[in-house]
Amino acid sequence: MRIESFQYSAFASRFPSSIRACTSACIIWCLIVCTSVVSAQTTTRTPRLGPKVVQGQHGIVVCETPVAAEIGGEILAKGGTAVDAAIATAIALQVTWPEAGNIGGGGFMMVAPPHDDVVCVEYRERAPLSTNKNSFVEWTDMHHPRVAGVPGTLRGLELAHQKYGKLSWSELVTPSVKIAREGFEVNEYLAASMNGVLRQKSLQNDPIFEEFRRVYCHPEGRPWQKGDRLVQPDLASTLQIIADDGADSFYEGHIAKQLVDEMSRNGGLITLEDLKSYTATVRPAIVGEVKGYAVYGAPLPSSGGITILNQLRLLEQLPLTRPESTAWSVENVHLLTEAMRRTFRDRAAYLGDTDFIEKPAHLLGPDHAARLASSVNLTKATSSASIANGIKLADDHESMQTTHFSVIDKDGMAVSNTYTLEASYGCRIVVKGAGFLLNNEMGDFNFKPGITNTKGRIGTEPNQIAPGKRMLSSQSPTIVKKDGKVCLVIGSPGGRTIINTVSEILVQKLFFDRSLAEAIDAPRFHHQWFPDVITFEDDEDGLFESMDAQLQRMGHETSHPANRQQGAAHGIEIDPKTGVVTGVSDARLGGGAYAVSP
Ligand code: DON
């Protein structure tokens, strides 16, 4: 059964403002079309769509694109497990959501098997073996093969399949070969995404992006429109090899060679040895109790689990009350901001890849959140600089291009998966002849050792580069259980905002007892210690702007960027009393939701 409700649209902000193109035809097109788009963006606002909601007991997939949701859903219908469906969905997102869906990036898959502990299949990218903490001190170009980390996605999917899969690997990959080869219908979100990146000046003429232009420019040199077909023959061949020969083809075989050739052509660092030695890992989830629920979060090298859990535990100690007529009250925003400020400071001080740094066990000790809570003033903002403590501050930004999906199967196995290329379309390098993009994940490391500043740059030791180290992530796929049973599966894209998006949804659910659709629809805000400012979504009702004067009197700095939206959270909830399973797909970037029919 599919029930879709559309209330408001996040679409307008997907049109970037610069006027750029990949060919001369595109340049002319841009001059004519983009000017009108830009002016439309700044003068009118398209109504935003509400979340898509589906229900059913036979399995659900919620993700960024309807085509990928359907491909994952069909795997469930064939008897595949939630992990089988997650693998098929991940590969289908590589084809249908190229700005973030990937085989050239990495991520985190939380798996809740029906009668076992929640685990994390961690497949985060690693630093190439030739790097060290000073390799990027002066580096600023984030659209270059040098900033690609060693991809982890296929090793991660392979490991998840070995542990929890039922159908054959090739059955999971083959549907995506077909849509890459034959093409699929572009919707308005994908059209806006591709048009947006193709307008950027950096992509227009530089020979380094020739392959990108060949793969993603419309064949007629015009902007993409809803209803066009995107055909990706190189990607189809690559996926066919992966379907036939498995992940080894990417790490040791033909695709590995193509990737390393790409590196040597343009100054990248990944070698055959880097690829061959890459492994994905199963790690225990971060788990803690909040309001009678067990919250399972992603472990290091993601900062998500620890940071979210401490935010929620801290908030448990404070007088956080549910507003009845709005999603948030001024008091809520103040208290959540104080929780964000303190936990993001801890993130900078202690978090990194525990294969290289000491485990920060004290952060999950019984007293830590209470200690943080005791320093919160209920009516005044704390200055971020005043809690820097040991972190020396020097004098001296984040986007949406990760993607999250959630899956549940008929037996109750649940998957919460977030994976990413880091920036939109990663480092913008398409591996020649292979049709897939590489990440620019090296930018998640602290590039300048010792330089932490009030603008948000972090230079602390735990997340400095070392050969083979994983960069600290904010990806926060999360699973919540009540009385031992899964009741919520959630996650989001958004760089450091991911952590706060997921926390805000968990507050709406666990503290305020709202439905998942309401929790996902609620407007969002973000504070990350530095810069010391609360940045709000551009909510249609003006709720956040109406809070400004009061928040400023409390000592908060606020920012309301036009058309800003935060995250795209696709989740599933299971009512512990009735057992009703509901999938909710966030419409901020489109979204797809599929429930298997009985
Ligand atoms: O792993 C991370 O924290 C980032 N690379 C995620 C990047 C991201 O979410 C960008 N936009 N959504």
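Guide: We shall take the cysteines and then the salt bridges. Please keep in mind that this is a predicted model.

Visitor: How many disulfides does the count come to?

Guide: A disulfide calls for two cysteine sulfur atoms within 2.5 Å. By this rule, the count for this structure is zero disulfides.

Visitor: Let us turn to charge. What can side chains of opposite charge do when their charged atoms come close?

Guide: Such side chains can pair. In this structure the count comes to 27 salt bridges, where the cut-off is a nitrogen-to-oxygen distance within 4 Å.

Visitor: Are R124 and D444 buried or exposed?

Guide: Both R124 and D444 are buried. Their side chains form a salt bridge, with an N to O distance of 2.7 Å.

Visitor: What is the distance between the closest N and O atoms of R222 and E220?

Guide: Those atoms are 3.1 Å apart, and the two residues form a salt bridge. R222 is partly exposed, at a relative accessible area of 24%, whereas E220 counts as exposed at 59% relative accessibility. The second label follows because exposed means over 50%.

Visitor: Where in the chain do E537 and R588 lie?

Guide: The side chains of E537 and R588 meet in a salt bridge of 2.8 Å, N to O. E537 is in the loop between β18 (534-536) and α18 (543-553), while R588 is in the loop between β21 (581-585) and β22 (592-595), so this pair ties together parts that are 51 residues apart in sequence.

Visitor: Is this pair buried or exposed?

Guide: E537 is buried, with a relative accessible area of 2%, and R588 counts as buried at 2% relative accessibility.

Visitor: Which residues are linked in a network of salt bridges?

Guide: Salt bridges link E122, R283, D355 and R470 in a network.

How values were computed. Residues numbered from 1 in each chain as written. Predicted model: local features only at pLDDT ≥ 70, side-chain atom pairs only at ≥ 80, totals over all residues. Heavy atoms only, no water. Buried < 20%, exposed > 50% of the residue type's maximum accessible area, 1.4 Å probe, protein only. Helix = DSSP H or I, 4+ residues; strand = E, 2+ residues; numbered from the N terminus.
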